[in-house]
Amino acid sequence: MQQYDIIIAGSGAAGLSLAWYLSQSETGRQFSVLLLDKEPKDQNDRTWGFWSKESTPFDGIVSWQFDKAEFISRHYREVLDLAPYQYRVLEGRRFYDFVRKSLAVLPNFHFRQEVVKSIQAGAETAIVQTEQDVYEAPWVFNSIFSAKKVKAQVLQQQGLYLQQHFKGWLVKTPRPVFNPQQVRLFDFRTPQHRQMRFMYVIPHAPDRALVEYTLFSKDLLKTSEYEAALEHYLRQVLKLKGFEVLDEEWGIIPMTTYDFPARQGERLINIGTAGGASKPSTGYTFLRIQQHCKALAEQLVQGQPPYAKVRSSRRHKLYDAMLLNIMGRQGAESERIFSELFRNNPPSRILKFLDEETHFGEELKIMNSVPRALFIRSFFELQSEF
Ligand SMILES: Cc1cc2nc3c(=O)[nH]c(=O)nc-3n(C[C@H](O)[C@H](O)[C@H](O)COP(=O)(O)OP(=O)(O)OC[C@H]3O[C@@H](n4cnc5c(N)ncnc54)[C@H](O)[C@@H]3O)c2cc1C
């Protein structure tokens, strides 16, 4: 059995972030760290969008950033000034390359491309078994999880479970149609089918953009249905006669009240989506991963047990649940709710609220700005959970 100080199972956003924060200090660089992943992580398998008003360690590799965002629905259309926030877009491949190259020069960080079969948590160590080998460490961090198992558990506990699922096309158009100054966060000009469905557009250039058909709903669609919606949007809404699809993106993010366990036993700590880092009502995860992994690395460096949790107050958990409940039961109302939300609040208040940094007075303003009856009903429907 090969021994390490730290094993990281799954070297995606969370695994690489944790390793990167460790590598930033002299003490952290002394740990022997094993990073395992079944993939080589050399593909642009996802694009992370996030907003921030502060600098982040990965700003240097951000591909696009926007000070303005568009909101379009049947009820409301506006170009929103995001100040003091900025919406930044980071491509997966750039992030993987950057972190892997930074760590490759450090003698104590080891990458192995192996499939993890099991992780057993003991009292003093945890043991990771891959298809090739067995490894042991006093601290094992895990970002591998089965969405199917989580879904089954949530439904058994009668919790709320939606999926944010999306298919994106990176398109090149024969004429300029996109405004590279602004990200289109919501465009509801797509049939709603009584669910929350919208287009999310990240322009790369006037004739090039990632266009994503995004749904918040219980069940996935057939591939042909996502594609038909993208075709409809590009041809009927954007009035394009032709376009070229350069690349595709596909993803599912769990949106749930499920309480992802922070750790199993003393030695096995969950990180990333597996550790509850995905915000239930929005699916935004990337910055929450950064906050969590930075805190874990600091604890390790200080010789403390790495038990920092993804922070979320009870109040914000309730707001997330109320929104999920409304989107799940009354998806047809989503377009109206989001329109009122953006019409009646400065974007900075909404983003601060979604970052869970608002105080109660600001939250009351948000609640008062949207159809109140829906939220009151949702609040009472959820009383059994809280
Ligand atoms: C397409 C897509 C787009 C997204 N866009 C955004 C966004 O814009 N903004 C945002 O905030 N969030 C976004 N998310 C949500 C979230 O930020 C990402 O899913 C993020 O990658 C989660 O990080 P993670 O480390 O938990 O999981 P991952 O990054 O998925 O890392 C898990 C790793 O485990 C590996 N693995 C899995 N099983 C095994 C096994 N048995 N053995 C070995 N390795 C294994 C995988 O190969 C993977 O590399 C997106 C998600 C997807 C899927």
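**Reading a predicted model by its cut-offs**

Student: Why does H193 count as partly exposed?

Tutor: In this predicted model, H193 has 14 C-beta neighbours inside 10 Å, and because a residue is buried at 20 or more and exposed at 12 or fewer, a count in between is called partly exposed. H193 is placed in the loop between β15 (182-187) and β16 (196-205).

Student: Is the peptide bond from A83 to P84 cis or trans, and what is its omega?

Tutor: The bond from A83 to P84 has an omega near 5° and is cis, and P84 has its place in the loop between β7 (77-81) and β8 (86-91). Most peptide bonds are trans.

Student: What makes β9 and β19 the edge strands?

Tutor: The open sheet has 6 strands in the order β9-β3-β2-β13-β20-β19, with mixed pairing. Strands β9 (109-113) and β19 (263-264) each pair on one side only, and they are the edge strands. Strand β3 (residues 33-37) pairs with β9 in the parallel sense over 5 bridges, and because two bridges are enough for DSSP strands to count as paired, these 5 bridges qualify. Within this pair, V33 stands opposite F109 in β9.

Student: Which strands does helix α1 touch as it packs on the sheet?

Tutor: Helix α1 (residues 13-23) touches β2 (6-9), β3, β9 and β13 (139-142), and its direction makes about 160° with that of β3.

Student: How many residues surround the ligand, and which are the closest?

Tutor: There are 29 residues around the ligand, the closest being G10, G12, A14, G251 and G272. Among the elements that give two or more residues to this shell are α1, β3 and β18 (244-256). By class, the shell holds 13 nonpolar, 10 polar and 6 charged residues.

Student: From which domains does the shell around the ligand draw at least three residues?

Tutor: The shell draws at least three residues from each of domain 1 (2-71 + 86-145 + 260-301) and domain 2 (161-255).

Note on methods:
Residues numbered from 1 in each chain as written. Predicted model: local features only at pLDDT ≥ 70, side-chain atom pairs only at ≥ 80, totals over all residues. Helix = DSSP H or I, 4+ residues; strand = E, 2+ residues; numbered from the N terminus. Contact = placed C-beta atoms within 7 Å. Axes fitted to C-alpha atoms, helices over the stretch in contact; angles between N-to-C directions. Near = placed C-beta within 6 Å. Nonpolar A, V, L, I, M, F, W, Y, C, P; charged D, E, K, R; others polar. Domains from an automatic or database assignment.
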